[in-house]
Amino acid sequence: MIAVTDLGKSFTLHNQSSAVIPVLEGANFSVAQGECVALTGESGAGKSTVMRILYGNYLAQAGRVVINGLDITTATPREILALRREVLGYVSQFLRVVPRVPTLEVVAEPLLSLGVAEDVARARAEDLLARLRILERLWQSPHHIFGR
Amino acid sequence: MSYNFAYLDEQTKRMIRRAILKGVAIPGYQVPFASREMPMPYGWGTGGVQVSAACLTPDDVFKVIDQGADDTTNAVSIRRFFEKTAGVAVTESTAEATVIQTRHRIPETPLRADQILIYQVPIPEPLRFLEPRETETRKMHGLEEYGLMHVKLYEDIARHGEIATAYAYPVKVEDRYVMDPSPIPKFDNPKLESPALQLFGAGREQRIYALPPYTKVVSLDFEDYPFDPSKAHHPCALCGAEDSYLDEVIVDDAGGRMFVCSDTDYCAGRLTQERPHDPAFASTQY
Amino acid sequence: MTPLLQVRNIEKRYGARIGCADVSFDLYPGEVLGIVGESGSGKSTLLNCLAGHLAPDQGEVIFDTRADGPRDVRQMPEAERRMLSRTDWAFVHQNPRDGLRMRVSAGGNVGERLMAVGARHYGDIRETAGEWLTKVEIDTARMDDRPSAFSGGMQQRLQIARNLVTGPRLVFMDEPTGGLDVSVQARLLDLLRGLVRRMGLSAIIVTHDLAVVRLLADRLMVMKSGHVVETGLTDQVLDDPQHAYTQLLVSSVLQV
């Protein structure tokens, strides 16, 4: 499902005398379908960087990342968007959404962008929010009233 | 002192005739022309006068009406102008006239194929109300983009509950050009489809346009708010006509009023025909 | 899938000065492209070239028309291009005064495009206009008011309704949240996001506000001195900018 080969990542800070900061080198691993893999390590070890590269959020400087048959280090933005819509999910430390949108809609949004009917998407979102034990009276409120 | 026939020099008349011919060839299209200074102020019919000058021949019988009346200052002075400069015969009778210059009316008596009706036009551009740029309105005519005309009618209905435009009611000519028929009452719009040649002259704006005989002229409207040319439901207080356009006349200091035909020739004609022996009406002047 | 819009080597010069040059990209149906850069970077010039408001000196703007498939908009007769801009295209100006008729009622403003394409039933036009006012959260009781009586945010929402009423497939937006205060901006962005998704719109948004593109755009193009210096997925360009100018742009934004 996921194959990571010789993955390398560095940041070039053009506005700070072009300093190059290497953050990742020669990373290799693979994840099979149905497998749950944890990346662990101390702060600054590059865990988040790998995750971000897998999601297409960071560009890799070296190596290959093949997810579901697509090499995302060379994929077009359109291909990555399709992958995100259909294959990838991303649970972030921080939630980045429009301030005014009610929680329920935030949760329903990915289904809606897949073209699922509005009532079906809402029902699914309600189901998920209930399973995560988020109080029903908060569903219609903007998300920012939650603590992180 | 003597004038060239009909005041304008022959070169100028030729130039105007060329514009008229172009207008006839493209019904409803505003043809620019080099409007001349006339010995009367703008707004007094300088456009109509130039078109009349270009159309008149020594054999013509000329009639001028202003809001339907032959005897108002404007009508009288234009009639005298051509009497003096062209020496043509003049008349107040619609039926006898061969060339009729008009401001804001179409005569009630149906026109014939051997007559020319010449309109004085203050603002020839029907799109001006919503689009002040001349370059843009010309492009809109050229590309037949007339949605804006209906916006104007939409605004009328939204504000007044009906199409409140009562005069200068826009029309579409031969399914192509939207045209301002000059400030005639909308009651007159159906008469724009006529056997007579109709010419429109705007002196200040330097435009001439035309409706050749039997041209298709459709008043713009909405499916659910169709064009309605009706007028006030009064008969004329003088001749009793129910089919003519009426003017409201204040008759005393107490606010007394009556409605009479705006077409004085039509009204007088009916009076002499129907009530030839009523002295009260025979002497009426209005 | 055929791209909705294919832009090839667009160049526009103002005398010796470059407005924009060498700009090429594809826009697919349902995709939202953000164009960012500081004032004078050529992003508005580019947008106006694409939308047909400016004639580029060279290049092609190929639009996938409903009737005849992909065609170079620049080669179309003016009548056809203007028809396109009233039907399948929409243009949202930064200043609503540029995109609205200020002396025409809100309903008339929304109805104009319908009437321009031949709608002749007053009741139907009014009903559709009412539906669109509701969609952009304007009370239908304000339908017969002129936009001059509206707040800036309402005017902008009215402009959006007026543009979207004919169901366009491509929307050009020039700083759509420009002169609005922050809370009004958020509401408008939310509205735009919903409309873009529900109508499956493709859009090109020019802005200098990175928050706007983060929320609305799938892809980003960064422009500097008339040239595209970086392109990519919106979040990738903003979170891992590669070009010096983009890094500067991203780091210049105040974080709250």
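Helix H2 of chain B, residues 46-55, is largely enclosed by the rest of the structure, because 10 of its 10 residues are buried, where buried means under 20% relative accessible area, exposed means over 50%, and partly exposed lies in between (1.4 Å probe, protein chains only). Helices here are DSSP runs of H or I with at least four residues, and strands are runs of E with at least two, both numbered from the N terminus. The buried residues of H2(B) are Thr46(B), Gly47(B), Gly48(B), Val49(B), Gln50(B), Val51(B), Ser52(B), Ala53(B), Ala54(B) and Cys55(B).

The model is a predicted one, in which local features need pLDDT of at least 70 and side-chain atom pairs count only at pLDDT 80 or more, while totals for chains, interfaces and linings use all residues. Residues are numbered from 1 along each chain as its sequence is written, chains are lettered from A and ligands numbered from 1 in the order in which they are written, and side-chain values use heavy atoms, with hydrogens and water left out.

Chain A comes to four helices and four strands, and along its sequence these elements follow the pattern β-β-α-β-β-α-α-α. Of its 148 residues, 30% count as buried. Among contacts in chain A (heavy atoms within 4.5 Å) between residues at least 6 apart in sequence, 51% join residues at least 24 apart.

Where chain A meets chain C, the contact takes 26 residues from chain A and 25 residues from chain C. The area buried between them is about 2300 Å², of which carbon and sulfur atoms give 51%; buried area is the accessible area (1.4 Å probe) that two parts lose on being put together, summed over both. Across this interface there are five salt bridges, a salt bridge being a side-chain nitrogen of Lys or Arg within 4 Å of a carboxyl oxygen of Asp or Glu. One of them joins Arg197(C) to Glu109(A), with the closest N and O atoms 3.2 Å apart. The interface of chain A and chain C also holds 11 residue pairs in polar contact, both residues at pLDDT 80 or more; a polar contact is a pair of N or O atoms within 3.5 Å, where within protein one must be able to donate a hydrogen and the other to accept it, and residues adjacent in sequence count only if both atoms are side-chain atoms. On the side of chain A that touches chain C, the elements giving two or more residues are strand E1 (2-13), helix H2 (77-86) and helix H3 (103-113) of chain A, and H2(A) gives the most, with five residues. That side divides into 11 nonpolar, seven polar and eight charged residues, where Ala, Val, Leu, Ile, Met, Phe, Trp, Tyr, Cys and Pro count as nonpolar, Asp, Glu, Lys and Arg as charged, and the others, Gly among them, as polar.

Between chain B and chain C, 22 residues of chain B are in contact with 22 residues of chain C, and the area buried is about 1900 Å², with carbon and sulfur atoms giving 55%. The count between these chains is five salt bridges, and 12 residue pairs are in polar contact, both residues at pLDDT 80 or more. Helix H4 (134-142) and helix H5 (147-160) of chain B are the elements that give two or more residues to the side of chain B that touches chain C, and the largest share, nine residues, comes from H5(B). By class, this side has 11 nonpolar, two polar and nine charged residues.

Side chains of opposite charge can pair when their charged atoms come close. Over all chains the structure holds 44 salt bridges, among them one between Arg82(C) and Glu136(B) at 2.9 Å, N to O. This pair crosses between chains, from helix H2 (residues 78-86) of chain C to helix H4 of chain B, and Arg82(C) is buried, with a relative accessible area of 16%. Within chain B, the side chains of Asp175(B) and Lys216(B) meet in a salt bridge at 3.1 Å, N to O, and link distant parts of the chain 41 residues apart.

Finally, the cysteines: a search of the whole structure finds zero disulfides over all chains, a disulfide being a pair of cysteine sulfur atoms within 2.5 Å. The sulfur of Cys239(B) is 3.5 Å from the closest cysteine sulfur, in Cys261(B), which is too far for a bond. Cys239(B) is buried, with a relative accessible area of 3%, whereas Cys36(A) is exposed, at 76%.
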